[in-house]
Amino acid sequence: MTDDQVIAAREKANRAASSRAGRIVTGLPDRRARIEEVTIDLPGRRLMLRVHRPRNAERALPLIVSFHGGGFISGTAAQNDWLNSHLAARCPAVVVAVEYRLAPEHVLPRAIEDGYDTLARIVDEATGWGIDPAALAVVGESAGGMIAALVALRARKDGPPLRAQVLNYPSTDWTETMADYPSFVENADNPTLPLSRLRAARTLSVPPTLDPNTVSPLKFGNLGDLPPALVVTAALDPLADHGRRYVERLSDDGTDARLSCYPKATHSFLSTPRLVPAARPARREILAFLRNHLHP
């Protein structure tokens, strides 16, 4: 596919995911949360944010910054309304879903920069956002899980300190070894994430000048002193071992990390809750984990 074809396909898929008909698959937002789109100005760019808040919130709330999946070439914040609105209403928290820049127009590490810079800006303007700058978490799925993990790694060094990270079926190895895991062999025929699409996404998002190790959390040398992590995986997902191995590395380096693998789930199941029953217990587990760490 040409770059123009990738962009056109993305726009078509995003319109479908955001449509009324698309809610049949992506799920209805929680009515106890309100959703609004706002823009944020960062150096050299303007991003759209999809902000979920509990209705009638009267105090500063924890902040959860959320990143959608799509292999860095597709996806939209609206595809996670079902999960994000529920977390906002029930945690409760302000959940900010970032429409980060996508390849092929914007290659890595721009998506990661968008994620970290958004977090830092909101914390700097905490009063205006109505958030508690001492109660912060990141959540992401697939490529967004990779962004969340990398934002946590950056925040370990530069702040602000995070209390939790939730990585849903994350890709954690974006190098040439990305498919060298048993789960890719076991789930090679799974149509939810064909290897050809994953390789195409990597080709389009990683420029020749970028060392892919620098955007692959699993390849980092030290994974200690990071916020507690819940890593949710799907047993029928080629990426399952990316999450499993990352939990092993986190634990080996002294970070509190928990793996939760859903045996009958496929990739992206939390953004297709009407199709995969495991989405509901997974959402409950994520909510309990975040509530425990953000409202200790």
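A salt bridge here is a side-chain nitrogen of Lys or Arg within 4 Å of a carboxyl oxygen of Asp or Glu. The structure holds 18 of them. This is a predicted model: local features need pLDDT of at least 70, side-chain atom pairs count only at pLDDT 80 or more, and totals for chains, interfaces and linings use all residues. Residues are numbered from 1 along each chain as its sequence is written, and side-chain values use heavy atoms, with hydrogens and water left out.

**View 1. A salt bridge joins Arg10 and Glu105.** The N to O distance is 2.8 Å. Arg10 sits in helix α1 (residues 3–18), and Glu105 in the loop between β4 (94–99) and α4 (110–124). The two are 95 residues apart. Helices (H or I, at least four residues) and strands (E, at least two) are DSSP runs, numbered from the N terminus. Arg10 is buried at 9% relative accessibility; Glu105 is partly exposed at 37%. Buried means under 20% relative accessible area, exposed over 50%, partly exposed in between (1.4 Å probe, protein chains only).

**View 2. Arg45 meets Asp114 in a salt bridge.** The N to O distance is 3.0 Å. The pair links strand β2 (residues 45–54) to helix α4, 69 residues apart. Arg45 is buried at 14% relative accessibility. Asp114 is buried too, at 0%.

**View 3. Asp158 and Lys157 form a salt bridge.** The N to O distance is 3.0 Å. Asp158 is partly exposed, at 38%. Lys157 is exposed, at 67%. Elsewhere, salt bridges that share partners join Arg23, Glu37, Arg50 and Asp81 into one network.

**View 4. Eight strands make an open sheet.** Their order is β1-β2-β4-β3-β5-β6-β7-β8, with mixed pairing. Two strands pair if DSSP finds at least two bridges between them. The edge strands are β1 (33–42) and β8 (257–262). Strands β5 (residues 131–141) and β6 (residues 164–168) pair in the parallel sense over five bridges. Glu141 has Asn168 in β6 as its bridge partner.

**View 5. Helix α10 (residues 279–294) carries buried residues.** Among them are Ala279, Ile286, Phe289 and Leu294. Their cover includes β3, α3 (81–90), β5, β6, β7 (229–234) and β8, where contact means heavy atoms within 4.5 Å.
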